[in-house]
Amino acid sequence: MRYEILTLPCLADNYAYLLHDKATGSTALIDAPEAAPVLAALKARGWSLDMVLLTHHHWDHVDGLPDILAETSPRIVGAAKDAARLPALDLAVSEGDEVEIGGLKGRVIDVSGHTVNHIAFAFEGAVFTGDSLFAMGCGRVFEGDMEMMYQSLQKLAVLPADTMVYSGHEYTLANAKFAAAQWPDDAAIAARLADIKRLRAAGIPTVPSLLSLELATNPFLRATDAKEFAEIRLAKDNF
Ligand code: ZN
Ligand code: FE
């Protein structure tokens, strides 16, 4: 593996990630829910922070940034179309743009729906999805509409099946319980629910998860059109 990724639990149920390019030593943070876990991880590894990639404007993904910037000097990357709502950006990006962390290249994907102008970052083997795609779930559709969110998830679904999905929250157990309730005869969902219960009981994050497993067990990725997606999303909202 050319890189190392640290999963950093933050706040009540957020995740931030440190992506470290082994060849060059360059390091990027994906989302900034909280400063202390990020600064502690950087210090423990002796890494300096070169870049912060922001997925969307919600407070639980950006509010740690001022305290991180008090001790580090990364370039801040976020969606050009959302610059007015994001912290000050050094690099404003749009769908199809590439970000470089040392020798690692990440492609920007517009995954609007949870918020409009929410972006994901797809590296070789790893995609950082923020609050778009979750393990066994997806973000609530706050700003966009159901068609938009469905199309956004479809962009993630076509990444290589061995891609690891690094999402922004530990919502997996609740997502799995919903899926198991809706599809009680689905063996793959039942097996995954059991795995997730075991991991959470041991305090282990359920992220990242393999995209192929999401394609098989995530109800929102299994939906075959926007209408079906909307029905599942509404059922989950009311679960
Ligand atoms: Zn959010
Ligand atoms: Fe969030």
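Author: Donors are taken here as N, O and S atoms within 2.8 Å of the metal (3.2 Å for Na, K and Ca), and because water is not among the atoms, sites may look incomplete. This is a predicted model, in which local features need pLDDT of at least 70 and side-chain atom pairs count only at pLDDT 80 or more, while totals for chains, interfaces and linings use all residues. Side-chain values use heavy atoms, with hydrogens and water left out, residues are numbered from 1 along each chain as its sequence is written, and chains are lettered from A and ligands numbered from 1 in the order in which they are written.

The iron ion (ligand 2) is held at 2.1 to 2.4 Å by Asp60 (OD), His61 (NE2), Asp131 (OD) and His169 (NE2), donors that follow the spacing D-H-x69-D-x37-H along the chain.

His61, in helix 2 (residues 59-62), and Asp131, in the loop between strand 10 (126-130) and strand 11 (133-134), are 70 residues apart and link distant parts of the chain; helices (H or I, at least four residues) and strands (E, at least two) are DSSP runs numbered from the N terminus. His61 is buried, with a relative accessible area of 0%, and Asp131 is likewise buried, at 3%, where buried means under 20% relative accessible area, for a 1.4 Å probe and protein chains only.

Key: Buried < 20%, exposed > 50% of the residue type's maximum accessible area, 1.4 Å probe, protein only.
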